[in-house]
Protein chains: 2
Amino acid sequence: MARIAITDGMSDGAMKILSDAGHEISSEHFEPPDLLSGVLSTFDAVIVRSATKMTREVITSSITESNGIQFIGRAGVGIDNIDLEAATEHGIIVCNTPGASTRSVVELTIGHLLSSVRNIPRADRTMRAGSWEKKTLRGSEIYGKRLGLIGFGRIARGVADAARSLGMEIHAFDPYVENGSIDPSMCTLHEELDDIFTICTHISVHCNFSEETKHIVNSDRISLMTGVGADGIECGNHLISCARGGIIDEDAALKALESGQLSSLALDVFETEPPDQSPLLAHDDFHGSPHIAASTMEAQARIGVEMANTLLEFLDGIRPVNSLN
Amino acid sequence: MARIAITDGMSDGAMKILSDAGHEISSEHFEPPDLLSGVLSTFDAVIVRSATKMTREVITSSITESNGIQFIGRAGVGIDNIDLEAATEHGIIVCNTPGASTRSVVELTIGHLLSSVRNIPRADRTMRAGSWEKKTLRGSEIYGKRLGLIGFGRIARGVADAARSLGMEIHAFDPYVENGSIDPSMCTLHEELDDIFTICTHISVHCNFSEETKHIVNSDRISLMTGVGADGIECGNHLISCARGGIIDEDAALKALESGQLSSLALDVFETEPPDQSPLLAHDDFHGSPHIAASTMEAQARIGVEMANTLLEFLDGIRPVNSLN
């Protein structure tokens, strides 16, 4: 039996998973003075969201010579509030719940893709303004087109499955995925990122942001896109990102919209959030959403359950797949 | 060898199908005086779009005792410009090309569905207005929810396949479809329209407009919807139509948006088009498009090919499936 502190709340269903497994649960929020005075050192594990700041000092205060927390769970994805280095130094495992939001991100990506090729936000905007742009808002189908995925992790694979079922041909670039590990009937994996741009008319970004991926979608690459679908239809070029801001060079994307090289751009993430002054927001062929890809009721409900199961794995002596250190 | 008049243009590929089959093609637009003086009576078949008006008088002028047109092809769907009764009286077969736009309508329906549950047009609108509604625009997933289809013809079945591949459970009402003809693992067919409303949180309209279907989506039925998904998530109620205006009672739908009984309403078709004065256009949870479900490059390209193949069937002595009389 372990003692588990839940400091930022958790769903009843998730707490029940832990208590049914025989563990002692305390759901109580602690302020920094309590955290620094060692309130967590009587627990074996702590589960936080974003409100509890697990700084180096708090982590040090949460362990003693022989006892204290061995596990920090972040119910969610971002770990800005956890000093991962300090946790690692003290042998504390840190886990988050990346899988809980996968489906939500997949669905928003497909929603943005269809909204782009059929001009849905623009259609609604022009109708609200009193015009009826039936003649000008001719779109194109995604069926029979090539979708290029930059990054081929969990979310990209979900997007691939959904888009393939809607009739798209899937191509991907991910230097961290072994070619032999992917069924070529599901997705063609490419060794050069440029190939995604020369082959695909529709491209969706699904990698992490890092120095390696900063502005990998830039003017040179966008200019490689041909605008002609695999079915011979001149469907134009379409770019989407529900990943992280900064992977797409927004200035380059705006120029490509202005020149017509890009027919549409859909972004859920931005180099600066909110993107207050961005001229993108005034372009007719852009549409955006305010970083809501993971923001669904279902993702929130799953986060707690995924966290509880991850902690149970850890308490059973299994190193959780979601471990970050 | 038949003589075929193409009076409103046709794609090169479609004309090639006809000429390759050995037929003589004349692509020329005729004005009413020419039509009424019998210019079409030297042809065996005529293919029109919407510009050539095949009135009773024009049809009568296009036949002689022993000769004249035996086939009127409408490259497209609507046949407002063809007097079907007069054609039937004279033994002339009238065909249109309903299949050409199926895929486009399916994709717009799925696009509107995802746009609704994730608030995509609203997200874009609020961003353009300078706000960042990340906290308030929490959506829901379609995965695990029940989609109700009113009408279960060609388009609805395409929507069913797409939505099922995205994880939805499909229910349909169509009094003209025999229950035994549908695989129950694909779709549950209901005998009462009310059942669609009591069971499903997401409903999409795919029937024709007629006196029988006018306002079949009304206050009483909308009030039956529970707002709780098959997965227990309180996802709200979502209504979509890319079919024809007038099937949904727009006043009732607006009231349901205002009361919160409907969480979203997405319409590509309206009781009056354009819906200039409709208060729907000012509601945050509504979004619309100006009757563009069939308006894609692909649908246009396929219309000619489908028409050409339909005419070849007729000339081979087969009664075309697309015959309207």
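A: Axes here are lines fitted to C-alpha atoms, for helices over the stretch in contact, and angles run from 0 to 180 degrees between N-to-C directions. Helices (H or I, at least four residues) and strands (E, at least two) are DSSP runs, numbered from the N terminus. This is a predicted model: local features need pLDDT of at least 70, side-chain atom pairs count only at pLDDT 80 or more, and totals for chains, interfaces and linings use all residues. Residues are numbered from 1 along each chain as its sequence is written, and chains are lettered from A and ligands numbered from 1 in the order in which they are written.

Start with the pair. Helix H6 (residues 120-128) of chain A and helix H6 (residues 120-128) of chain B have axes that come within 9 Å and cross at roughly 65 degrees. H6(A) is therefore roughly perpendicular to H6(B) (65 to 115 degrees; under 35 is roughly parallel, over 145 roughly antiparallel, the rest oblique).

Now the residues. A:Ile120, A:Pro121, A:Asp124 and A:Arg125 meet B:Ile120, B:Pro121, B:Asp124 and B:Arg125. Contact means C-beta atoms, placed from the backbone, within 7 Å. Ala, Val, Leu, Ile, Met, Phe, Trp, Tyr, Cys and Pro count as nonpolar, Asp, Glu, Lys and Arg as charged, the others, Gly among them, as polar.

Step back to the chains. In total, 48 residues of chain B are in contact with 48 residues of chain A. H5(B) gives the largest share of chain B's side, nine residues. That side has 21 nonpolar, 14 polar and 13 charged residues.

Methods
Two residues are in contact if their C-beta atoms, placed from the backbone, lie within 7 Å.
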